[in-house]
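The following note sets out some points for a colleague who has the model at hand. Each point may be checked against the structure shown here.

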Amino acid sequence: MNQVLNGVSLEVYHGDFISIMGKSGCGKTTLLKILGGIEEATTGSAVVGDINLSSCSDEILSDVRQKIVGFVFQEFYLVDSLTLKENILLPLYISNKPYREIESLILENAKRFEIEKILDKYPTEVSGGEKQRTAICRAIINEPKIILADEPTGNLDEKTAEDIINILKDSAKKRNKCVIVVTHSNQLAKEADVVLQLQDKKLKTI
């Protein structure tokens with residue numbers, strides 16, 4: 001077994017905007033997946049609120065990923081056969097919200113991310129920045145307490161990257177979310193409250 005992380009300790013709170021940097025292959029994405037309950041740590045524990053992700057049931061893990069943690073990825077992971085609106089709708093399909101409330105929620109967030117005029121377009125018809133705005137909108141549509149972003153500006157031009165950074169920063173500072181971003185971007189990192197370096201399987205503050 002290849003050990004990726006060793007003795008990593010991290011506490012985060014509402015309103016935190018944290019950036020994690022490090023070379024490719026150093027374990028940044030693995031750490032993010034452990035924090036989000038996608039992968040399980042072989043030792044130690046990841047605790048979200050009062051939920052220990054290392055010892056809870058698959059049903060609770062599913063609830064955590066559905067309601068508490070929102071994921072944003074570099075590759076967007078939008079479904080090309082669905083419109084942007086339908087992509088944003090995906091996390092809400094298993095919710096008990098009435099459709100009128102869902103419609104209102106989508107429109108409110110689409111306006112916030114400036115994509116309300118392109119909701120009926122397909123991912124192949126819009127720009128990379130618009131795809132990432134849609135992906136973030138989908139990630140936060142259930143109002144998660146934690147947003148985990150893996151290289152969210154990696155495929156974007158400088159101006160669009162700046163817009164995405166401001167959206168993530170706003171989520172932390174104005175909406176009291178905990179935002180943890182894995183990045184190679186100095187532009188993004190300098191906007192964070194705390195910048196951490198993952199090196200030699202350990203985290204340190206820069």
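1. Ile 18 has Val 194, in β7, as its bridge partner. The model is a predicted one. The strands concerned are β1 and β7, which run parallel and are joined by 4 bridges.

2. This pairing belongs to an open sheet of 6 strands, in the order β4-β5-β6-β1-β7-β8. The pairing in the sheet is mixed. In general terms, strands of a sheet pair through backbone hydrogen bonds, in either a parallel or an antiparallel manner.

3. Which strands stand at the edges of the sheet? They are β4 and β8; each has a single partner strand, so one side of each is left without a neighbour in the sheet. On average, neighbouring strands of the sheet are turned by 20 degrees against each other, direction ignored.

4. Helix α1 (residues 28-35) has as its buried residues Lys 28, Leu 31, Leu 32 and Ile 34. Why do they lie on the same side of α1? They cover an arc of only 160 degrees around the axis, which places them on that same side. As a general rule, an α-helix has 3.6 residues a turn, so residues three or four places apart point the same way.

5. The cover over the buried residues of α1 includes β1 (17-21), β4 (69-73), β5 (146-150), β6 (178-182), β7 (194-199) and β8 (202-205). The helix lies across these strands, β1, β4, β5, β6, β7 and β8, and runs at about 155 degrees to β5. Just after α1, Gly 37 adopts a positive phi of about 80 degrees.

6. How many aromatic pairs does a search of the whole structure find? The search finds 2. Phe 71 and Phe 73 form a stacked pair, at 6.0 Å centre to centre and with 5 degrees between the planes. Phe 73 and Tyr 77 form an edge-to-face pair, at 5.3 Å centre to centre and with 85 degrees between the planes.

7. Phe 71 counts as buried because its relative accessibility is 17%, and buried means under 20%. Phe 73 is partly exposed, with a relative accessible area of 25%. Tyr 77, at 52% relative accessibility, counts as exposed, the cut-off for which is over 50%.

Terms used:
Residues numbered from 1 in each chain as written. Predicted model: local features only at pLDDT ≥ 70, side-chain atom pairs only at ≥ 80, totals over all residues. Heavy atoms only, no water. Buried < 20%, exposed > 50% of the residue type's maximum accessible area, 1.4 Å probe, protein only. Helix = DSSP H or I, 4+ residues; strand = E, 2+ residues; numbered from the N terminus. Arc of directions from axis to C-beta. Contact = heavy atoms within 4.5 Å. Phe/Tyr/Trp six-rings, centres within 6.5 Å; stacked < 30°, edge-to-face > 60°. Pairing = 2+ DSSP bridges. Axes fitted to C-alpha atoms, helices over the stretch in contact; angles between N-to-C directions.
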